[in-house]
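The chain comes first, then the details.

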Amino acid sequence: MKRLSLALAGAASVAFLVGTSVAAPPPPQPVPDGPTYVYRVPAPLGQKAQDLLARGFDVLEQRDGDDLFVLGTQDVHRRLADVGFAGSVDQVMSPARFAPGTRGTGVNETYYGGYRTIKAHYAHLDQTGWRYPRLATVVDYGDSWRKTQGAGGYDLKAICITRRTPGDCRLTPTARKPRFLVSAQVHAREITTGDLAWRWIDHLTTGYGRDPEVTALLDTTEVWVIPIGNPDGVQIVQSGGDTPKLQRKNANHTNGPRHCPTTQDPNAQAGIDLNRNLSAQWGDNGTSSDPCSQVYRGPKADSEVETRALERLFRSLYPDKRAPGDTAPADPDTRGMVVTMHSALNVVLLPWGYTTTPSPNDGPLRAMARDMAQLAGPGWEYGQPGELLYTAGGSIDDWVYGELGVPHYTWEIGNWEGDCAGFLPAYSCQDGHWAKVKPMLTYAARKAANPYGGA
Ligand SMILES: [Zn+2]
């Protein structure tokens, strides 16, 4: 509990987003520097859970039996009651208690006790590229929203790692080798995931030629890693230094107030949830039309540059192996595998995400999810989002599987209780997370060759 209260200490200071737009922002409303609460809210799977999401509360990616969890100020208790939810205080977070700041430079630039900044992540990609020219290829696959606005921002970057032979790591779906892609920090505040992506890259490059498992994998498979899927959002998170801000979404504030936080809800944020913006079942359950909601889906499907760039990348890496509609299974000889890492829970989620109806490839998808959960260790569950949390439209999961037939998994990594709980665990917790996730990544990468068992 102690760790969680420390870990989420940044919540109260999430109020004002850092931006460099030319338009003068409206004067922000004062936000009390009070504690932040996690409320336990009875919301069984189904209508009640979807209702809670639709109301714009900051619903965490966590469930305990019939209960979901909502992050917010003292006032959120009343707001829950106003709309018929009986929230009780589960945790109390202390206000921010550390001075912000980063340490180190280049690949060693860190914040919050060891987490690498975006600058460090991108320097790491470049360094990996020149240190391991036979293995690594850095790919720029688009621009973040702020970059498209001339307001700072970042390139969107991936790295392809394989024992490179002619034709490998090209942006064409007719690749010789099967492809496994894993992405991190699409939800910016889920900082565990970016660190795991870093470790996975190093595990592969330093292991090639030494570790037989890694060598065999890279001889036969292209491994793609997106360490920071939402760099604008992560820039907001790391701007808090030792009290990281809890930005989940991207930085595009043009669809609503530039400063969402109010005295009623300091945790509300501008931006679009990049895991609700894709064209697969866009606007369905588990999304919001409120620009300040944590699950704001955007003004239309694929409205965001980050989303469109990601879809373009997927289309250039994987051929379409599934007929349109919800009932056609993917071709048995489909190759490839995609994993999006989130936090903080212990579950493996499989498609469909927008409905509890099983997908036409449910058998093999569920069997692989079971294997992944077993590799992670005790306490991990697996299933469709609607079986374990809530349903959600517009997700990366349903787009990758629905459009291309390629298996997609969401891994919710971490804990919600104990010393390493929450979105912002102490950096020392990452050794433990890595020990669980490394075998899952290895398994998923191997499965890319023949995921449905039909080749
Ligand atoms: Zn997430």
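## A buried glycine

G405 is buried, at 0% relative accessible area. Buried means under 20% relative accessible area, computed with a 1.4 Å probe on protein chains only; exposed means over 50%, and partly exposed lies in between. G405 sits in the loop between α12 (396-404) and β15 (408-412). Helices (H or I, at least four residues) and strands (E, at least two) are DSSP runs, numbered from the N terminus.

G405 touches R322, A330, T334, V400 and Y452, leaving out residues up to four places away in sequence. Contact here means heavy atoms within 4.5 Å. A330 is 75 residues from G405 in sequence, yet the C-alpha atoms are 4.7 Å apart.

## Basis of the model

The model is predicted: local features need pLDDT of at least 70, side-chain atom pairs count only at pLDDT 80 or more, and totals for chains, interfaces and linings use all residues. Residues are numbered from 1 along each chain as its sequence is written, and side-chain values use heavy atoms, with hydrogens and water left out.

## H408 in strand β15

H408 belongs to strand β15. With 0% relative accessibility, H408 counts as buried. Its side chain makes a polar contact of 2.7 Å with that of T340. Another, of 3.4 Å, links the side chains of H408 and D397. A polar contact is a pair of N or O atoms within 3.5 Å; within protein, one must be able to donate a hydrogen and the other to accept it, and residues adjacent in sequence count only if both atoms are side-chain atoms.

Beyond four places in sequence, H408 contacts V338, V339, T340, L349, L350, P351, I396, D397 and V400.

## The open sheet

Eight strands form an open, mixed sheet in the order β8-β9-β11-β10-β12-β15-β13-β14. Strands pair if DSSP finds at least two bridges between them. β8 (136-143) and β14 (381-383) are the edges; each has a single partner strand, so one side of each lacks a neighbour in the sheet.

β9 (residues 155-161) and β11 (residues 222-226) run antiparallel, joined by three bridges. I161 stands opposite V223 in β11.

## Helix α7

V214, T215, L217 and L218 are buried in α7 (residues 212-220). They share one side of α7, because they cover an arc of only 165° around the axis; the arc is that of the directions from the helix axis to the C-beta atoms. The buried residues of α7 pack against β9, α6 (191-207), β11 and α13 (430-447).

At the start of α7, a side-chain oxygen of D211 comes within 2.9 Å of the backbone nitrogen of E213.
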